[in-house]
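Have it open while you read.

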Amino acid sequence: KKRHNAYRDDMWNMRYLPGFKWHMLKEGTIYDQQVRKARLQQRMSQAQRENSFYLESVEKARTQRKITERRAAKGLVGSAADVTVQQRVAGGSAAGASRSAP
């Protein structure tokens, strides 16, 4: 008998377990493979979401910096319009900030 066969013990078990089929023995390994694949897919999608969020944040900051530079060149730094734009980019206004405070 060859002892180097990976399925040697499985075949031996099938011989002495009447009613058991090969697919019943392989269910556990197939399930583990599917769970591993699902977890990997979830991690990959999470990484893609984080990456896209970071890139969007970088783009927003770049846009805001350019707006501020253009206004500084025109001499409008510190005006009410600049504060309003900064609040929009930051994601809210004074009213929105008071709602989120406990």
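1. Let's start with a contact: Glu 69 and Arg 65 pair up through their side chains in a salt bridge, at 3.6 Å from N to O. Keep in mind that this is a predicted model. Both residues sit in helix 2, four residues apart, or about one turn of the helix.

2. How exposed are these two partners? Glu 69 comes out at 47% relative accessibility, so it counts as partly exposed. Arg 65 is partly exposed too, with a relative accessible area of 46%.

3. How many salt bridges does a search of the whole structure find? It turns up two. Besides the pair above, the side chains of Glu 59 and Arg 62 form a salt bridge at 3.2 Å, again N to O. Glu 59 and Arg 62 are also in helix 2, and because they are three residues apart there, about one helical turn separates them.

4. Away from the charges, have a look at Leu 17, Phe 20 and Met 24. They make up a nonpolar patch on the surface, and together they have about 250 Å² of accessible area.

5. Where in the chain is Phe 20? It belongs to the loop between helix 1 (8-16) and helix 2 (22-74). Its relative accessible area is 41%, so Phe 20 is partly exposed; that is over the 30% needed for a patch residue.

Methods:
Residues numbered from 1 in each chain as written. Predicted model: local features only at pLDDT ≥ 70, side-chain atom pairs only at ≥ 80, totals over all residues. Heavy atoms only, no water. Patch = residues over 30% accessible without salt bridge, like charges linked within 9 Å, V, L, I, M, F, W, Y side chains within 5 Å. Areas by Shrake-Rupley, 256 points an atom, 1.4 Å probe, with all protein chains shown as cover. Salt bridge = Lys/Arg side-chain N within 4 Å of Asp/Glu carboxyl O. Helix = DSSP H or I, 4+ residues; strand = E, 2+ residues; numbered from the N terminus. Buried < 20%, exposed > 50% of the residue type's maximum accessible area, 1.4 Å probe, protein only.
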